[in-house]
Amino acid sequence: MSRRQLSASLSAFSADVTSQDSFAIPEQAIRPVGTLHLTIGVMSFPKDEGLEKAVALLKTLVPRKIVASIKGAETTATASIAELAPESGHTTKDPPGPQPPLLSVTLKGLHSMQKTASKASVLYAPPTDGEGVLLRFCESLRSTFQEAGLMAVEDRPLLLHATIVNTIYVKGNRRGGKRHEKPTVDARGILDRYEDFVWMEDVPVEKIAICKMGAKKQDDGDEAYEIEAEIDLA
């Protein structure tokens, strides 16, 4: 369901912005649906050294406990208010039916990674995160791997994003085996048109994964990153 929703949004976007009657963006710049993800950080393992340690650390994570610690202050405040409420004679029960997902993601809008949108090479969709829980969850994961010496430390805030357009993949950008400067596009009109566009809405986060860099072609024509290890978000 979530993949269909995102795939439909991406297909409509691609048909629009690649049209010669619209923005004429090269089709190769539009990222395949299978590559869309939220990056937490970059790991570097020369000769695969450290990969086993990273996989072992990943498997020790308990996402539910991490989210609970993030929401701890909110839970405490709620409990304090409940204690002040008059007794009603009724006991509180958990609502019937399936429990809501631990974390969910809505991708909305479109932004340029470059400050000058008239010379953009990467456009991305940010997750909406009104309470900041998703961001703090991802920051906690990043800190865990950084403190273990398994992830590069960056002197900038974590920017959660799903890359929609990247001109580095446009054919002709590589000559003589070397990549040249990324081609750029004037994205001002695209950003205006897709400012409030919803790519997908309330999609549960299902996995945390360690993936190899460089997406690979799949049998169905899509592209995806090879997964080294993953855990369920439970």
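Me: Of the 55 residues in the largest nonpolar core, which touch the most other members?

Reply: A nonpolar core is a set of buried Ala, Val, Leu, Ile, Met, Phe, Trp, Tyr and Cys residues joined through side-chain atoms within 4.5 Å. Buried means under 20% relative accessible area, with a 1.4 Å probe and protein chains only. Here Phe-13, Leu-110, Phe-137, Ile-164 and Trp-199 touch the most other members. Helix α5 gives the most to this core, with 6 residues.

Me: What should I keep in mind about the model?

Reply: It is predicted: local features need pLDDT of at least 70, side-chain atom pairs count only at pLDDT 80 or more, and totals for chains, interfaces and linings use all residues. Residues are numbered from 1 along each chain as its sequence is written, and side-chain values use heavy atoms, leaving out hydrogens and water.

Me: How far apart are the end C-alpha atoms of helix α5?

Reply: Helices are DSSP runs of H or I, at least four residues, numbered from the N terminus. The expected span is 1.5 Å times one less than the number of residues. For the 15 residues of α5 (133-147) that gives 21 Å, and the end C-alpha atoms are 21 Å apart, which agrees. Just after α5, Gly-149 takes a positive phi of about 75 degrees.

Me: What covers the buried residues of α5?

Reply: Val-133, Phe-137 and Phe-145 are among the buried residues of α5. Their cover includes α2 (51-60) and α3 (63-70).

Me: Is Thr-18 buried or exposed?

Reply: Buried, with a relative accessible area of 15%. Contact means heavy atoms within 4.5 Å; beyond its neighbours within four places in sequence, the contacts of Thr-18 include Ala-24 and Ile-30.

Technical notes: Helix = DSSP H or I, 4+ residues; strand = E, 2+ residues; numbered from the N terminus. Buried < 20%, exposed > 50% of the residue type's maximum accessible area, 1.4 Å probe, protein only.
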